[in-house]
2 protein chains.
Amino acid sequence: MPARKKKKQRAPAYAVSEFTPARLSIYLRCLKDLEKSGVKTTSSRDLAERYHLNAAQIRKDLAYFGAFGVRGVGYYTSDLKAHLRGILGLDRPLGIAIVGAGNLGRALADYQGFHQAGFQIVALFDNDPDRVGRQSRGGVVIRHSDELPDVARAGDIDVAVIAVPAPVAQAVVDSIVATGVKAILNFSPSAIKVPAGVKVKNVEFTISLESLSFFLAQGSKANAAPNKIL
Amino acid sequence: MPARKKKKQRAPAYAVSEFTPARLSIYLRCLKDLEKSGVKTTSSRDLAERYHLNAAQIRKDLAYFGAFGVRGVGYYTSDLKAHLRGILGLDRPLGIAIVGAGNLGRALADYQGFHQAGFQIVALFDNDPDRVGRQSRGGVVIRHSDELPDVARAGDIDVAVIAVPAPVAQAVVDSIVATGVKAILNFSPSAIKVPAGVKVKNVEFTISLESLSFFLAQGSKANAAPNKIL
C-alpha cells in the first residue's frame with residue numbers, strides 16, 4: 001500500500017557505503033546459486049555459513065532496504081532475489097557505451113560477461129579515423145566520438161566505460177559528463193575526477209593481484225576456505 | 001627473536017577471509033596517500049575517518065598480523081606501510097605471465113597499472129601460429145604456449161593471467177596448474193576449478209557495473225561520501 005505521506009524517521013546508524021552495493025551483488029549471486037540448487041528458503045545465518053559471509057552484516061544490509069525476513073521461515077529465495085535485483089536497479093535494461101576502441105575497448109565490447117549479466121553494449125566510440133567504421137571481432141561497429149553526445153541525449157547510455165589511455169582519460173570523462181551520463185566505469189589506470197552526482201568505479205586489477213601476492217606470501221596459513229561465489 | 005618451539009595457541013576468533021587481503025591493499029593505499037601528504041603518524045580511528053573505513057576492523061586486521069600500534073602515537077605511517085607491503089608479499093618482484101594474446105591479453109600486456117604497481121610482465125603466450133612471434137603495441141613478444149612450462153619451471157611465473165575465451169579457459173588453467181603455478185587471475189567470464197593449494201581471483205567487471213546500477217537506481221539517497229582511494 002503506497003503511503004502518500006512518509007513519517008520522518010531518525011537517521012539510522014547504518015549508512016550506505018561504497019561497499020554496500022558490492023555486498024548486495026554478492027548476496028544476489030548466492031541467491032541465484034541457491035535457486036539453481038532448488039533451495040526455496042534461506043536465512044542470514046544459512047547464507048553466511050554456505051558462502052562464508054557475515055550474518056549480522058547481511059541482516060543489516062537487507063533490513064536497511066526493507067527486505068525483512070518472514071518469521072519462522074527466513075527469506076524466500078526467489079522473493080529476496082527479485083527484491084535485490086530491484087534494489088540494484090537490475091530489473092531494467094542498462095545500456096553501456098565503451099569509449100576507446102583500442103585492444104581493451106574492443107575486448108570489452110565483445111566481453112561475454114557483460115551480456116551474461118544482462119547489460120547491453122549500445123555503442124563503441126573512438127576518435128581515430130582509422131578505427132571509425134571498423135568492427136570489433138564480435139561485430140560491434142566503432143563510431144566516431146563526435147556522435148557520443150547524440151547517443152547520450154537520446155538516453156541510451158546508462159554507464160560509460162572508459163578504455164582510453166591514461167593521459168587523455170580525464171578529458172574524455174569531462175566530455176562524457178557534459179552529456180549528462182551519471183555513471184562511469186574506469187579502466188584507465190589514472191585517478192579521474194567527476195562532479196558531485198556522478199559516480200565512478202575504478203576497475204582495479206591490482207587489488208586482485210595484491211590479494212594473490214598475499215596468498216603466495218602467507219602460504220597455507222592464509223588459505224581460508226575459498227568463497228565459491230567470488 | 002625466532003622461537004624454535006611455538007606454543008600452541010587457541011585458535012583466534014579472527015580468521016583470514018577472502019576479503020582480508022583486499023582490505024590490506026586498501027589500507028596500503030591509504031598509507032601511501034598519507035605519506036604523500038606528509039602525515040607521519042596515524043591511528044585506526046584516523047584512517048577510518050579519513051577514508052570511510054571501519055576502525056574496529058582495521059585494528060583486528062592489523063593486530064592479527066602483528067602490526068601493533070605504539071601507545072600514545074598510533075601507527076607510524078611509513079613503518080605500517082612497510083609492514084603491510086611485507087604482509088602482502090609486495091617487498092619482492094612478482095612475475096606475471098599472460099595466457100591468451102587476443103585483444104584482452106594484448107591490452108593487459110601493455111596495461112600501465114601493472115607496471116605502476118610494481119608487477120612485471122614476464123611473458124605473453126598464445127597457441128595461434130598467426131600470433132606467435134608478433135608483439136603487443138607496447139612491445140611484449142607473443143610466445144607459443146608450448147614454452148610456458150619451461151618459463152614456469154624456471155620460477156619466473158608467480159601469477160598466470162587467463163585471457164582466453166571462456167570455452168577453453170578450464171583446459172588452459174589445468175595445463176598451467178600442472179606446471180606448478182600457484183596463483184591465477186582469471187579474466188575469462190567462466191567459473192574455473194583448481195586443486196587445493198592454488199588460488200584464483202576472478203576479475204569481476206559485473207560487480208562494479210552492478211554497483212553503478214545501484215547508485216543510478218537509488219539516486220542521491222545512496223550517494224555516500226565517495227572513498228577517494230577506491
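This is a predicted model: local features need pLDDT of at least 70, side-chain atom pairs count only at pLDDT 80 or more; totals for chains, interfaces and linings use all residues.
Let's start with the scores. The predictor gives the complex an ipTM of 0.84 and a pTM of 0.76. Chain A averages a pLDDT of 86, with 89% of the residues scoring at least 70. Among the elements of chain A, strand 5 (residues 142-144) has the highest mean pLDDT, 97, while helix 6 (residues 112-116) sits at the other end with the lowest, 81.

Two stretches of chain A fall below 50 in pLDDT: residues 1-12 and residues 223-230. Beyond near neighbours in sequence, residues 1-12 of chain A have one contact in the model, whereas residues 223-230 of chain A have 18 contacts.

## How the copies are related

## Where they touch

The contact takes 54 residues from chain B and 54 residues from chain A. On the chain B side, the elements giving two or more residues are helix 1 (20-36), helix 5 (103-109), helix 6 (112-116), strand 7, strand 8 (199-202) and helix 9 (205-218). Helix 9 of chain B supplies the largest share, 13 residues.

Sorted by class, the side of chain B that touches chain A has 32 nonpolar, 15 polar and seven charged residues. Of the interface residues of chain B, 100% are also interface residues in chain A, so the copies meet through the same surface.

## A look at helix 8 of chain B

Helix 8 of chain B covers residues 166-178, 13 residues in total. From first C-alpha to last, helix 8 of chain B reaches 19 Å, close to the 18 Å expected at 1.5 Å a residue.

Which residues of helix 8 of chain B are buried? They are A169(B), V172(B), V173(B) and I176(B). Looking down the axis of helix 8 of chain B, its buried residues fall within an arc of 105°, so they line one face of the helix. The cover over these buried residues includes strand 3 (94-99), helix 7 (148-153), strand 6 (159-162) and strand 7 (183-186) of chain B. After helix 8 of chain B comes G180(B), which has a positive phi, near 100°.

Notes
Residues are numbered from 1 along each chain as its sequence is written. Chains are lettered from A and ligands numbered from 1 in the order in which they are written. Helices (H or I, at least four residues) and strands (E, at least two) are DSSP runs, numbered from the N terminus. The expected span of a helix is 1.5 Å times one less than its number of residues. A residue is buried if 20 or more other C-beta atoms lie within 10 Å of its own, exposed if 12 or fewer, and partly exposed in between; C-beta atoms are placed from the backbone. The arc is that of the directions from the helix axis to the C-beta atoms. Two residues are in contact if their C-beta atoms, placed from the backbone, lie within 7 Å. Ala, Val, Leu, Ile, Met, Phe, Trp, Tyr, Cys and Pro count as nonpolar, Asp, Glu, Lys and Arg as charged, and the others, Gly among them, as polar. pLDDT is the predictor's confidence in each residue, from 0 to 100.
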